[in-house]
Amino acid sequence: MYRATLKLNGVPTKVIAEGCWVEEGLTHCTKKDIVILLTGNPGIPEFYEGFVKTIRSRLPSTEVPIWIVGHAGHMQPLCNLECIMPSNLTWDKHYGLMAQVQHKKDFIKKYVPEDARLHLIGHSIGCWMILNLLKDDSIAKKVAKCYLLFPTIEHMAESSNGWFFFKILSRIGFLLTFFAWIFSLFPIYVQNLFLAMLGPLCGIPAKFHEVVLQILNPYSINKIFKLASEEMEAVKNRDDDIISKHAEKLWFYYGNCDGWVPLKFYQNMRSKHPNVNAQLCKHGYGHAFVLHSEKEMGRIVGDVINGNLS
């Protein structure tokens, strides 16, 4: 895997590539397919490494690259990188929900060749972003298929998790940011010890402890919470027009026990869009599938992508 920090929409952003690096394009590839994954929130690419490796193992050609693009502001650059993060005063331009969409547009328009066949994987709010990307005709014409996993594309605040976040967590976000700042003052070995004790209680595997430390950076957690609050306000009515327009390009995968996407949302999708391929999970995989079901979901998604390659 390749890892680097690229500047997108003016924000230093973590990008991970399985296969050829983004700046190589498809020069040495016989296939024109590229897979890009848009994360959920938090938008930390490292959470998806195992998922992406499993997907690639299911594809017939090692020439199909998979690129994971994190969200603007959710990862703070390393101290040895001369990167300056834009201020929160420019939230709407750099870090807000529509800014995140523009952020992904910039990546696609800069690094995806004109003749590429684009496969977009979205997880959670990444699905909402993909539907908005399809409104750009220059991007939509490149898209071969979209794979929308546990899609938070409607009435987020009405879900059980959304209600809890909106009514409780969002109101104490400043306290959580303050505690994250205190936590950041502890030596790394103390932080790791803390995660080793509490991680299992929170269902976080040990291999993700280093990733969790990135989230607990006070500057990151502030942006993560602020974006989530904006999602609660902005993600209301499902965009039926864009779903109808690109129905043949969409593949949905809904959870059957998802606190962010109630079962009725799947039923509503099937009722309103009977021609859209919407699947319901039969295995009980959770919304945060990357924590415990990354290989299982990787096999499912990899096989579906495999059937849509050129």
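What percentage of the 310 residues in the protein do buried residues make up? Buried residues account for 54%, where buried means under 20% relative accessible area, exposed means over 50% and partly exposed lies in between (1.4 Å probe, protein chains only). This is a predicted model, so local features need pLDDT of at least 70 and side-chain atom pairs pLDDT 80 or more, while totals for chains, interfaces and linings use all residues. Residues are numbered from 1 along each chain as its sequence is written, and side-chain values use heavy atoms, with hydrogens and water left out.

View 1. Helices (H or I, at least four residues) and strands (E, at least two) are DSSP runs, numbered from the N terminus.

**View 2. The largest pocket, with about 1,300 Å³ of space.** A pocket here is an open set of points on a 1 Å grid over the protein atoms alone, with protein on both sides within 12 Å along at least five of seven lines; a cavity is a set where a 1.4 Å probe fits but cannot get out, and lining residues have an atom within 4 Å of a point. Points are joined across faces, edges and corners, and volume is the space filled by probe spheres set on them. Of the 38 lining residues, Asn41, Pro42, Ile204, Ile215 and Ile224 lie nearest the centre. Helix 10 (218-234) gives the largest share of the lining, six residues.

**View 3. A cis peptide bond between Asn41 and Pro42.** Omega is about 15° here. Pro42 sits in the loop between strand 3 (33-38) and helix 1 (49-58).

**View 4. The largest cavity, at about 30 Å³.**

**View 5. Positive phi at Asn9 and at Phe150.** Asn9, not a glycine, has a phi of about 50° and lies in the loop between strand 1 (2-8) and strand 2 (11-18). With 18% relative accessibility, Asn9 counts as buried. Phi of Phe150 is near 50°, and this residue belongs to the loop between strand 6 (143-149) and helix 6. Phe150 is buried too, with a relative accessible area of 0%.
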